[in-house]
Amino acid sequence: MQSGKPLSTEIDATIPTAARMYDHYLGGKDNYAADRAACAELDKVVPSTRALALNNRRFLQRVVRTLAQEYGVRQFLDHGSGLPTQDNVHQVAQRIDPSARVVYVDNDPMVLVHGRALLEQDERTTVIHADMRETEAIFTHPDTERLIDFSQPVAVLFNSVFHCIPDSDTDGPSAVVRRVCERLAPGSYLVMCQLVSEDAAVREFVTDFMDKATQGHWGRVREQKDVAAWFEGLEILAPGLVEVSTWRPDTEVAPRQLTQEWIEFGGVGRLG
């Protein structure tokens, strides 16, 4: 979406958003009746969604910790960051190195309000209000330029967000990934995962349901091969592209995704 169309700053409590539904699944309080009702309807067909959301959050925390601790990453650009919860990207990264810098990006005005309140005292972390497809606007935003040095490696996160945008030659996930990679220094990392299902009926139901519930603010549930295509040309870190609860789990008894009607699928790629 390269048009530069301004985003709405109004919060509409009657229309569910992916960010607030995710907040509800994580046990947060920054959601409305419409979000909770949409989650309840979704659970009737895909009852593993709460477990999926929790496992995805743990994946994000493990990825950030791994990149900061084992690969020396000190800059993170988090697209579609969602509402603040416990152990956010900046908290995980700054436990490894207090100088780590994080820019959060989200198009939900509620994320902007809560995020800025949370980060008021943290000069190394900020949240900007932008559509994840607006690569130029995000990378040249004054707060991004203040915190991120793109001549050095950066970890760019697209964690469970690409299913929120439709396919498009100019604004779909593949186009966004290409634009981002063109701007990154060698040695940078892309973290990408999204909701996938190999069951056509599940893909069709969830895509249709979420598109109607969010009034068009949705893309589609995809297949594993679609996600794999985004990583072409990148060096994929072990263990490869997987269901995210199996990506470098902390212990052998860590929670796993137990049902497979849909999963979060993805991994981490390094730009050579």
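The legends below accompany close-up views of cysteines and salt bridges in a predicted model.

**View 1**
A search of the whole structure finds zero disulfides.

**View 2. The salt bridge between Arg 124 and Asp 122.**
The structure holds 19 salt bridges, and this view shows the one in which the side chains of Arg 124 and Asp 122 meet, with an N to O distance of 4.0 Å. Asp 122 is buried, its relative accessible area being 15%, whereas Arg 124 counts as partly exposed at 33% relative accessibility.

**View 3. The salt bridge between Arg 183 and Glu 136.**
The closest N and O atoms of Arg 183 and Glu 136 are 2.1 Å apart in this salt bridge. Arg 183 belongs to helix H8, which spans residues 173-183, and Glu 136 belongs to helix H6, which spans residues 135-139, so the pair ties together parts that are 47 residues apart in sequence. Arg 183 is partly exposed, with a relative accessible area of 32%, and Glu 136 counts as partly exposed at 40% relative accessibility.

**View 4. The salt bridge between Arg 220 and Asp 167, and the network that includes both residues.**
The side chains of Arg 220 and Asp 167 meet in a salt bridge with an N to O distance of 2.5 Å. Arg 220 lies in the loop between helix H9 (200-213) and helix H10 (224-230), while Asp 167 lies in the loop between strand S4 (155-159) and H8, so the pair ties together parts that are 53 residues apart in sequence. Arg 220 is partly exposed, with 27% relative accessible area, and Asp 167 is partly exposed, with 45%. A network of salt bridges links Asp 167 and Arg 220 with Arg 203, Arg 222, Glu 223, Lys 225 and Asp 226.

Note on methods
Residues are numbered from 1 along each chain as its sequence is written. This is a predicted model: local features need pLDDT of at least 70, side-chain atom pairs count only at pLDDT 80 or more; totals for chains, interfaces and linings use all residues. Side-chain values use heavy atoms; hydrogens and water are left out. A disulfide is a pair of cysteine sulfur atoms within 2.5 Å. Buried means under 20% relative accessible area, exposed over 50%, partly exposed in between (1.4 Å probe, protein chains only). Helices (H or I, at least four residues) and strands (E, at least two) are DSSP runs, numbered from the N terminus.
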